[in-house]
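Hi there,

Here is the structure I promised to pass on to you.

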Amino acid sequence: MASSSLLLLFFFFFFFLFSGFSSGAKRCHPSDRTALLKFKHSFANPDQILQTWMPEFDCCDWYGVECNETTNRVDSLVATVQLNGTIPEVIANLKYLRTLRLRKNPFLVGEIPPAIGKLANLVSLELNWNSLTGSVPAFLANLKKLWFLDLSFNKLSGTIPASLSTFPEIIGIDLSRNQLTGSIPESFGNLKGNIYLVLSHNKLSGEIPASLGNANFVRVLISRNNFTGSALMFFKASKTSDTIDISRNNFAFDFSEASFMADTLEDLDISHNKIWGGIPSSITDCVLLQSLNVSYNRLCGEIPSGWKLKYLSQPFDNTSYLHNRCLCGSPLQPCKR
């Protein structure tokens, strides 16, 4: 009797085990599984990467793959696994992808293929920390559902396509740490909503289009380029910026004409430019300000006092103001009366 019960127990165990495996295998759509396997085998090192990607297992359970719980179609692909080769065109067959994140693959080379522009459901495209070359493709503007574009830390060159301003739902564009040239497109002033714009560490140049004053950049990071002229379009009290970093360019404008986002500004860096004028007293109303650097410019006049800082017990020290033409007052030398 005991042996019969034991056999029955094993029967139910294996029945549920294999029925679960079978139902799990049905979860993965065959065309998605085929596309993923072709994606894997397009690289020079398929046996060393994506080792859980085996056809006998449900592709929805493969490492870096997620499927929609309702449709069971692959909607997320994340690969940080030393991919060696180029992004294959077969990626276009994963047409239900919402997130594509191929990052920190130093041997992922070549250009961004047109297949990426066919992924009409993409919400987040992150191809950062790779070795991609070529230009930032204009066809990325086809991704009308995109919220976030990150192509940072690559070897991309050429200019920024004006078409990137046509994303209707974009909230973040990061093209930093590349070799981009030219200027910021005037059409970027048409970007809607609250935008994170990160273009630092490139070879961009020229003046910032005045049209950018029409957009609301929550975060604007354009340091370490060769921009000239004015950046006053970023300094408006009506905006909601929390970070402005225009450092290490060749900007030259009267800083006394700037106004500030009293309720939102947290970090401000205008250092290493040719900015003149005084520091407006209204800057002391920025209650959330935690980092300030106006050093290495041509500023003059008395440093404002009476800060209303919420998170700092002491005002900023002298390193925030060093190497200007004639700034004075605490924490620098007293002004001559």
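The secondary structure of the protein chain consists of two helices and 21 strands; helices (H or I, at least four residues) and strands (E, at least two) are DSSP runs, numbered from the N terminus. Please keep in mind that this is a predicted model, where local features need pLDDT of at least 70, side-chain atom pairs count only at pLDDT 80 or more, and totals for chains, interfaces and linings use all residues. Residues are numbered from 1 along each chain as its sequence is written, and side-chain values use heavy atoms, with hydrogens and water left out.

**Overall shape**

The C-alpha trace spans about 105 × 50 × 35 Å along its principal axes.

Of the 337 residues, 49% are buried (buried means under 20% relative accessible area, exposed over 50%, partly exposed in between, with a 1.4 Å probe and protein chains only). The chain exposes about 16200 Å², and carbon and sulfur atoms supply 54% of that area; accessible areas come from the Shrake-Rupley method with a 1.4 Å probe, and for residues only the protein chains shown count as cover. Among contacts with a separation of 6 or more, 49% come from residues 24 or more positions apart, where contact means heavy atoms within 4.5 Å.

**Disulfides**

How many disulfides does a search of the whole structure find? It finds four, taking a disulfide as a pair of cysteine sulfur atoms within 2.5 Å. With bonded cysteines counted along the chain, they follow the pattern 1-2, 3-4, 5-6, 7-8.

- Cys28 and Cys59 have their sulfur atoms 1.9 Å apart. This pair links distant parts of the chain, 31 residues apart: Cys28 lies in the loop between helix 1 (2–27) and helix 2 (30–41), and Cys59 in the loop between helix 2 and strand 1. The torsion about the S-S bond of Cys28 and Cys59 is about 90°, so the disulfide is right-handed. Cys28 is buried at 2% relative accessible area, and Cys59 is buried at 0%.
- Cys60 and Cys67 form a disulfide with sulfur atoms 2.1 Å apart. Its torsion is about -95°, so this disulfide is left-handed. Cys60 counts as buried at 8% relative accessibility, as does Cys67 at 10%.
- Cys300 is joined to Cys326 with an S to S distance of 1.5 Å. The torsion about the S-S bond of Cys300 and Cys326 is about 100°, so the disulfide is right-handed. Cys300 is partly exposed, with a relative accessible area of 23%, and Cys326 counts as partly exposed at 36%.

**Two groups of strands**

Strand 20 (residues 298–302) and strand 21 run parallel and are joined by three bridges; two strands pair if DSSP finds at least two bridges between them. Glu302 has Cys328 in strand 21 as its bridge partner. These strands belong to an open sheet of three strands, with the order 18-20-21 and parallel pairing. Its edge strands, strand 18 (276–277) and strand 21 (326–328), each pair on one side only.

Strand 2 (residues 74–79) has five of its six residues buried, so the rest of the structure largely encloses this strand. Strand 1 (residues 65–67) pairs with strand 2 in the antiparallel sense over three bridges, and Glu66 has Ser76 as its bridge partner in strand 2. The hairpin of strand 1 and strand 2 has six residues between the strands, and there Asn72 takes a positive phi near 65°. Strand 2 also runs parallel to strand 4 (residues 99–102), with four bridges joining them; in strand 4, Arg101 is the bridge partner of Val78.

**Ser259**

Where is Ser259 found? Ser259 is in the loop between strand 16 (250–251) and strand 17 (267–269), and is partly exposed at a relative accessible area of 24%. Leaving aside residues up to four places away in sequence, Ser259 touches Phe235, Lys236 and Ala237. The Ser259 side chain reaches the backbone oxygen of Phe235 at 3.2 Å and the backbone nitrogen of Ala237 at 3.1 Å.

Best wishes

How values were computed
Polar contact = N/O pair within 3.5 Å; in protein donor to acceptor, adjacent residues only side chain to side chain.
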